[in-house]
Amino acid sequence: MKRPKRLAKILKRGAMVCDRPLVIVALSLAIVVALIGFTIGPAVVAKRLNPHDRQTFPAVTPAVAALHQSLTIADLHADALLWGRDLSQLADYGHVDLPRLIQGNVALQVFTVVTKVPTPLKLEGNGSGRDNITKLAILQRWPIDAWFSLRARALHQAQQFKNLEKRSSGQFRVIQTAADLTQYLKQRATQSSIAAGLLGLEGAQALEGKIENLDRLYDAGFRLIGLAHFFDNEVAGSAHGISHAGLTPLGRQVIQRMQERHMIIDLAHASSQTIDDVLQITQSPVLVSHTGVRGTCDNARNLTDRQLQQIAQTGGVIGIGFWETAVCGPDVAAIVRAMRYVADLVGVDHVALGSDFDGSVRLPIDAANLVQITAALQVAGFTEVEIGKIMGLNVMRVLAQVLPVNP
């Protein structure tokens, strides 16, 4: 009886010894797969979601090239902070980074923070349930609190924005006040190989229903807030949501507090009722950072003529998007067609660039090729003065008027 028991023990011990290499190999493979996923996964996702048409553009004339280099260019919307890239370095994918901003002669880029995107994503009727950004946060190894908190996601991306300035060797400036803007533009008049950024928020869901979080975001550098993104939140209804509601009681508090702190109101993605509610109480210019217009592309995402007129009456600007759903065309001509429509309806002083760079959209150009917009505007009959306004001076006017004088 002893011999079978001893044999069983020996066999069991041998099985355990034999299994150890298999366990080690399995664990090693799992670690390697995880490291590969964390290392190249974000780039793979960003490449797939942010393509641009790498076409050979017609050569611009020396006169157009000189005109473009003389402009003070500002773009109102880029989601590049979402993708975990080092934006101080030139990438071979996506739409925007510091080298391409300088190549495209962009003086100021608004970098907008995304904290939640519903899945599946629809043009209309989105709920606020399942979220795609959680997966991205885990894949990019964001701080663990940012896996679960929308406010923490906003603060994490705000830090990445500040880090860009630190890594840029003096080529990138963070703009938070009107004084910052004045000083920067004075420097850029003699040094064109620099760029600046303003930090914005896409959707007030990052406030997590608390007005005091607005101050925390302000302290982190946010100066522009879009009230809604792809779903209704505690502040406002979305054009893509379910309720089609306007400002909530909290939303009215947010507008009041934003105006007290000289923050810029962004009506992109807002429901019609939200737009109406804001325009009834705002005391400063508002903007729409990235949009199309129903006059050239009729869908629920885009602005009506009445809305364009009301926004213009505040002294605000409308940033025309570059993607096909915004302008009903895959090319620069469709973008400029929408700009012409707005200019003819409410005046050239209210037209701006609202690219949606790196916003999970296919675009005809990246930041390095914005000269193609300048060329197309000239072909469309805009004067050099009008082109200067559209390409950036209108945005600079609103920023100088609304931003706080001091922090």
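Guide: In this structure, 33 residues line the largest pocket, and Val-117, Leu-121, Phe-230, Gly-359 and Ser-360 are the ones nearest its centre. The model is predicted: local features need pLDDT of at least 70 and side-chain atom pairs 80 or more, while totals for chains, interfaces and linings use all residues. Residues are numbered from 1 along each chain as its sequence is written, and side-chain values use heavy atoms, without hydrogens and water.

Visitor: What counts as a pocket?

Guide: Rolling a probe the size of a water molecule over the atoms shows where empty space is left. On a 1 Å grid over the protein atoms alone, with a 1.4 Å probe, a pocket is an open set of points with protein on both sides within 12 Å along at least five of seven lines; lining residues have an atom within 4 Å of a point.

Visitor: Which helix gives the most to the lining of the largest pocket?

Guide: H4 does, with four residues. Helices are DSSP runs (H or I, at least four residues), numbered from the N terminus.

Visitor: At what angle do helix H10 and helix H11 pack?

Guide: Angles run from 0 to 180 degrees between N-to-C directions, and axes are lines fitted to C-alpha atoms, for helices over the stretch in contact. Helix H10 (residues 272-281) and helix H11 (residues 305-313) pack at about 25°, their axes 11 Å apart. H10 and H11 are therefore roughly parallel (under 35 degrees).

Visitor: Which residues meet there?

Guide: Contact means heavy atoms within 4.5 Å. Ser-272, Ile-275, Asp-276 and Leu-279 of H10 meet Arg-306, Gln-307, Gln-310 and Ile-311 of H11.

Notes
Helices (H or I, at least four residues) and strands (E, at least two) are DSSP runs, numbered from the N terminus. Angles under 35 degrees count as roughly parallel, over 145 as roughly antiparallel, 65 to 115 as roughly perpendicular and the rest as oblique.
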